[in-house]
Amino acid sequence: MKKLLSVVLSIVMIFALAACGGGEGGNASVTDGVSENANITILDYAEMSTLNPIDIGTESDQVPVFMLYDPLVKLGADQEYIWMLAKDCDMSDDGLEYTFHLREGISFSDGTPWNADAAKANLDMMADQSNGFKSQFVYECIDHVDVVDDYTVKVTLKYVSAPFLNTLAIQSAAMMSPTLIEQGKQAMATTPIGTGQYVLNERRVGEYVKLDLNRDWWGYDADICGGTPILEKDYGFNSITIRPVSEESTRVALLQSGEADLAISLTPNNKKMLEESGYGVVTKQGASMSYFYLNCQKDVFKDIRVRQAISMAIDIDALNEVVYGNEYTRAESPLTSSMKFFEKQEPIEYNPEKAKKLLEEAGYGDGLTLVCWEENDTTDIQRGEFIQQQLEQIGITLKIYPQEGGFLTDNVNAYSGAPKDTEFDCYIRGYGADTIDADEMIGRFATAQFPPLGGNYSFYSNEEFDKWIDIGGKSIDDEVRQEAYSKAQKIFWDDVPAVSLLSYAYTAAFNEHIDGVDFGCAGGLYLMNAKYVE
Amino acid sequence: MFFKKKNPMVTEENDMDTRWSDFLRNFKKQKTAVVAFFVLVLLFFIAIFCYKIAPYGINEYNYAEKLQGPSMAHLFGTDEFGRDLFSRVLCGTRISLSIGFITVTIATVIGSVIGLFTGYYGGILDGITMRILDAVYAFPGLILAIAIVAILGPGLANAAIAIVIFCIPTYARLVRSCTLQLKNSVYVRAAKCLGASDLRILFKHILPGVFPDVIVQYSLSVSGSIMTTASLSFLGMGAMSPTPEWGLLLSNSRTYFYSCWHYAVFPGLAIVITVLCFNLLGDGLRMALDPKLNDRA
């Protein structure tokens, strides 16, 4: 008996010692920075269309931007400012002049130093609306940029713009090397040169984008960062491969087979299944919402009764339950509840009978056929089918054409023809306000924001609404803005240029090798605080 | 040597009768083909009466009962919107069978006419037409269909057009080669000597000779056509939701592959059974009709 006990004890001790040894070994490699084995594969649901930060149009385009590039300032996961390439910023009292003090000792991956000239080259390009990049309309307010000294740059605005600092914290404000800007649009889209934590290894269109760690990244250097580095040396990955896989079940299978380490955009069913089998899962409400846009320039939607009928005929709570397993949140305003100036509106009652009556009054009692475009992601198709079923009840036949995301972006976001001639009558898609500001989320429904200039996919035009948007966007006084956006939300809600459906929850599942996965406040994958676990 | 027929005086009518009874006798020997034939007859009845048999409407959703497994109330379970899968698979029969038959029939008629004329007249018309068809034939069927749908836009009707286009060369080539063979046969030359017109020779004398080969090819093509329709729908280029097309059902089921086995299995089985039966029937017909493969030398 004693013998047995001693054997058991010695086995226990051996294991305990082995465990300690393992722990120490792990710590030792940590101090040397990111391990050579820290290679991960991320599965996105769509292919990125460009690597040019200012030209991004979809969520997938955003994924690699903050890995390759750094902005002046970043928004943290809790909407706080993290100063990146700038140390800080002074704003003049009238809100028209922003002076940025830049960090010193940073250079781009091609060796070009980061200084006031580089910042000016970027800001000038962003402000020059004649370039025609998809995301640059938010920088329309920049009047001119002055170099004060080597590491100070002053931006003067045409008018007061409340969300200006937030617009500099989004992906499209990533700072590129001046030499890259000189090389032109083609180079910007294919050969990124930034100051980021990673550098491009290889991109194969339709297959993958592979990024390698930049071990000399300034963010690891305590001196450049003024005492504490942005990240400790062990954060990050030796390489990141981003693969587009549009089929959700394939993403799940690749994650399970170990071919990938992280997959985003999962249905509740599969998320639950992965969680139960031991995978890490993150769900976060973002600043994105899905809308059912109705093209207000089409004759049929000029009649407000038709728009109201549609808004009454969709049971949004059931949509949330059936397609999203109740993980999303029903829209209570065109803004998401996480946004400043959000004001809860009277919920639109689900009432198919009343909707039918409204349609009859409008002269569409015999039925109506509408063409609808949407994205071809699995759940997006289900969402479309659900809305199709709901509208069927009030005699509306919805002809849905699911299309690839990049294609939709080119054909809708960049639509430049006459608003009433669009091939679609309605359009279902989510919109994420990266700046998390009301000016972007609801301000895009102003008349001046028709595609391709902005995100007014409803081609909504209402003078009263435009007036409040203008007041709200050009003030830095929160009280004035509160009133303006409160009025604007009310008008939007009553006028229904688009039915606000659900505000998104973003989901990702990942295996045991990754720690610290998060989503940014606007919804994009946020891997800054992530690291590899052996 | 060939004294199988008791009556040496062979008139046209009793020749047809003998041929028919020969065919039946030979066909009955193909047991699997006979079974396949009866399954197909059953499928036809389902296709005709599907909306009467189906216990639920195809778009009758019930969100409270979504993604349920098979039960007495829902024989095949329910889909993501709580629709009865049994009713949807049943009604899908009509879509698949009608697409299969309509496309192949049109392709057979067009292909046979092209084959008859090019084979009979030959010359430059033959050269040009057949080279064009060869070019079409060079593409794998599904790839060509995808290309055509990409031009015409997705939808069941466009998928059907694509299938017709890629089926035509098969029939044209088949009929042309038979025509080339038959136009020098004794009876055709005899008809010519008696002063029969070209059209009469083509449709009265040559076409019946081509028929057995066309029928065999026909039953094989129907299964191919059903498969292609399902494939196109699966890839999002054929039927659009909420049509209960089998390929589309299968495509929708992919998301629930890990949690709801029934959703993928039943539409898949429906495709397998139908296609298998057409192929078995086609094989049986070939055995029964081909003089080289049976004892009717």
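Predicted model: local features only at pLDDT ≥ 70, side-chain atom pairs only at ≥ 80, totals over all residues.
Which residues of H11(A) are buried?

Residues are numbered from 1 along each chain as its sequence is written, with chains lettered from A and ligands numbered from 1 in the order in which they are written.

**Chain A as a whole**

Select chain A, which has 18 helices and 21 strands (DSSP runs numbered from the N terminus: helices are H or I with at least four residues, strands E with at least two). Its C-alpha atoms fill a box of roughly 90 × 75 × 45 Å along the principal axes. A residue is buried if 20 or more other C-beta atoms lie within 10 Å of its own, exposed if 12 or fewer, and partly exposed in between, with C-beta atoms placed from the backbone.

**Helix H11 of chain A**

Select residues 304-313 of chain A: in this helix, H11, 8 of the 10 residues are buried. They are A:Val306, A:Arg307, A:Gln308, A:Ala309, A:Ile310, A:Ser311, A:Met312 and A:Ala313. Their cover includes strands E12 (280-294) and E17 (498-510) and helices H10 (299-302), H13 (352-361) and H14 (378-392) of chain A.

**A:Val371**

Next, select A:Val371 in strand E14 (residues 368-375) of chain A. A:Val371 counts as partly exposed because it has 17 C-beta neighbours inside 10 Å. Leaving aside neighbours within four places in sequence, A:Val371 is in contact with A:Lys399, A:Glu423, A:Phe424 and A:Asp425 (contact: C-beta atoms, placed from the backbone, within 7 Å). A:Glu423 is 52 residues from A:Val371 along the chain, with 7.6 Å between their C-alpha atoms.

**Two helices of chain B**

Move to chain B and select helices H8 (residues 198-234) and H9 (residues 246-253), which pack at an angle of about 35 degrees with their axes 7 Å apart. Axes are lines fitted to C-alpha atoms, for helices over the stretch in contact, and angles run from 0 to 180 degrees between N-to-C directions. Among the contacting residues are B:Phe234 of H8(B) and B:Trp246 of H9(B).

Notes
Contact = placed C-beta atoms within 7 Å.
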